Amino acid sequence: MNEDIFKGKWTQLKGKAKEKWGELTNDDLDIVEGKRDQLVGKIQERYGRTKEEAEKEIDDWLSDSDR
């Protein structure tokens, strides 16, 4: 999913992101505001993941969301 589509779907994805990454606060998700790179950073910060791990988690999550 490219960045523009990710931003466009953010309102729908926000609730699902909260379910997937429960340690992310509503403020975190408001700050992310559909910016994938910022979501990667928040996942790294809250869960101690590497950038690559966080990106893979997001890719897997988006693949599941598209089904």
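Predicted model: local features only at pLDDT ≥ 70, side-chain atom pairs only at ≥ 80, totals over all residues.
Modeller: Residues are numbered from 1 along each chain as its sequence is written, and side-chain values use heavy atoms, with hydrogens and water left out.

Colleague: Thanks! What makes up the secondary structure of the chain?

Modeller: The chain has 5 helices and 0 strands, in the order α-α-α-α-α along the sequence. Helices here are DSSP runs of H or I with at least four residues, strands are runs of E with at least two, and the numbering starts at the N terminus.

Colleague: Why is the chain called as compact as a globular protein of its length?

Modeller: The globule rule is 2.2 Å times the number of residues to the power 0.38, and the radius of gyration is taken over C-alpha atoms. For 67 residues the rule gives 11 Å, and the radius of gyration of the chain is 11 Å, so the chain is as compact as a globular protein of that length. Along its principal axes, the C-alpha trace spans about 25 × 25 × 20 Å.

Colleague: Why does D28 count as buried?

Modeller: Buried means under 20% relative accessible area, exposed means over 50%, and partly exposed lies in between, with a 1.4 Å probe and protein chains only. D28, in helix α3, has 4% relative accessibility, so D28 counts as buried. In the whole chain, 31% of the 67 residues count as buried.

Colleague: And why is K42 called buried?

Modeller: The relative accessible area of K42 is 16%, therefore K42 is buried. This lysine is found in helix α4.

Colleague: Which residues does K42 touch, not counting those up to four places away in sequence?

Modeller: K42 touches L24, D28 and V32, where contact means heavy atoms within 4.5 Å.

Colleague: Why is K20 called partly exposed?

Modeller: K20 has 44% relative accessibility, so K20 counts as partly exposed. K20 lies in helix α2, residues 10-20. Leaving aside neighbours within four places in sequence, K20 is in contact with E57 and W61.

Colleague: How do you know that L29 is buried?

Modeller: L29 is at 1% relative accessibility, so L29 counts as buried. L29 lies in helix α3 and touches W10, K14, A17, K18 and L24, not counting residues up to four places away in sequence.

Colleague: What makes up the largest nonpolar core?

Modeller: A nonpolar core is a set of buried Ala, Val, Leu, Ile, Met, Phe, Trp, Tyr and Cys residues joined through side-chain atoms within 4.5 Å. The largest one has 15 residues, and those with the most contacts inside it are F6, W10, W21, L39, I43, I58 and W61. At least two residues of this core come from each of α2, α3 (26-32), α4 (36-47) and α5 (51-66), and α5 gives the most, with 4 residues.

Colleague: Which residues is W61 in contact with, leaving aside its neighbours within four places in sequence?

Modeller: W61 is in contact with F6, L13, K16, A17, K20, W21 and L39.
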